[in-house]
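The sequence and structure come first, and the notes follow by topic.

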Amino acid sequence: RSALKWRVAFRADSILERPLRQYFDMKRIFPHAWLGLSKEGHLVTYEYAGKVKSNIKEIIAAGITGDDFAYHNVFLNEYWIQKRITKTGCLIKLVDVQGMNVFSFSKEVLRFLGPVNVTLQNYPETLSKIYFLNAPSTFRLVWRVVASIIPKKTLEKIVVTNPSTAQEELLSVIDKGVLPKQFGGKIDTSIPCLMELPLERQLAEFVNSKLNTIAA
């Protein structure tokens, strides 16, 4: 019921009819993309969070707020759900945390991520699994901070992988063609290459069509 009230207040059902003005800045600064579908048909997403502090600093410098970032994430969720990108209605998130440390989460970062965490709580059934990859040896210290800002239902679906077994674990659910190279797959995760992936090109064309309509 609370999720329904949120959708009405946020106007989530009609969000795709409105332009996503900061889309390309967000894609340029923060590495995140749709890689394809898992063996079960779930949407597989990737993001590199190892430089979250510097990424958010650059995002803020570009004039993007935490509310803008939340809007961006809701737009992406509504696109793949409403456009039926996956028949299962679920996604698998791959989060590379290499380079993350306890100093990655300053007060500014936590404040910026606040609105995003609120919005994501309203999509509890869409998440199949989150894999935290390349976790450093000190990640247990970082985890205390990370866990404090993640909804409980989401925490239950998180797997912090062991670097020695991560590749085997991922290949059991995701084909090589949908996995980043560093995890035994074929995808180059540099931002220019991510933007050329089929689902990313499809999304970019849709966003551009909305921006062009407004400009006209």
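**Strand pairing and helix packing**

Strands β3 and β4 (residues 127–133) run parallel and are joined by six bridges. Strands here are DSSP runs of E with at least two residues, helices are runs of H or I with at least four residues, and both are numbered from the N terminus. Two strands pair if DSSP finds at least two bridges between them. This is a predicted model, in which local features need pLDDT of at least 70, side-chain atom pairs count only at pLDDT 80 or more, and totals for chains, interfaces and linings use all residues. Residues are numbered from 1 along each chain as its sequence is written, and side-chain values use heavy atoms, with hydrogens and water left out.

**Strand pairing**

- On β2, strand β3 (residues 91–96) pairs in the parallel sense over six bridges.
- V44 has I92 in β3 as its bridge partner, while G36 stands opposite V44 in β2.
- Strand β1 (residues 32–37) pairs with β2 in the antiparallel sense, over five bridges.
- A hairpin is formed by β1 and β2, with five residues between them.
- In the turn of this hairpin, G41 has a positive phi of about 95°.

**Burial**

- Buried means under 20% relative accessible area, exposed means over 50%, and partly exposed lies in between, with a 1.4 Å probe and protein chains only.
- Strand β2 (residues 43–48) has six of its six residues buried, so it is largely enclosed by the rest of the structure.
- Both faces of β2 are covered, with L43, T45 and E47 buried on one side and V44, Y46 and Y48 buried on the other.
- Five of the six residues of β3 are buried, so β3 is also largely enclosed by the rest of the structure.

**Helix packing**

- Helix α3 (residues 52–61) packs on helix α5 (residues 107–120) at an angle of about 65°, and their axes are 10 Å apart.
- That angle makes α3 roughly perpendicular to α5, a class that covers 65 to 115 degrees.
- Axes are lines fitted to C-alpha atoms, for helices over the stretch in contact, and angles run from 0 to 180 degrees between N-to-C directions.
- In contact (heavy atoms within 4.5 Å), V52, K53, I56, I59 and I60 of α3 meet E108, V109, F112 and L113 of α5.
- By class, this contact has seven nonpolar, no polar and two charged residues.
- Ala, Val, Leu, Ile, Met, Phe, Trp, Tyr, Cys and Pro count as nonpolar, Asp, Glu, Lys and Arg as charged, and the others, Gly among them, as polar.

Key:
Parallel < 35°, antiparallel > 145°, perpendicular 65-115°, else oblique.
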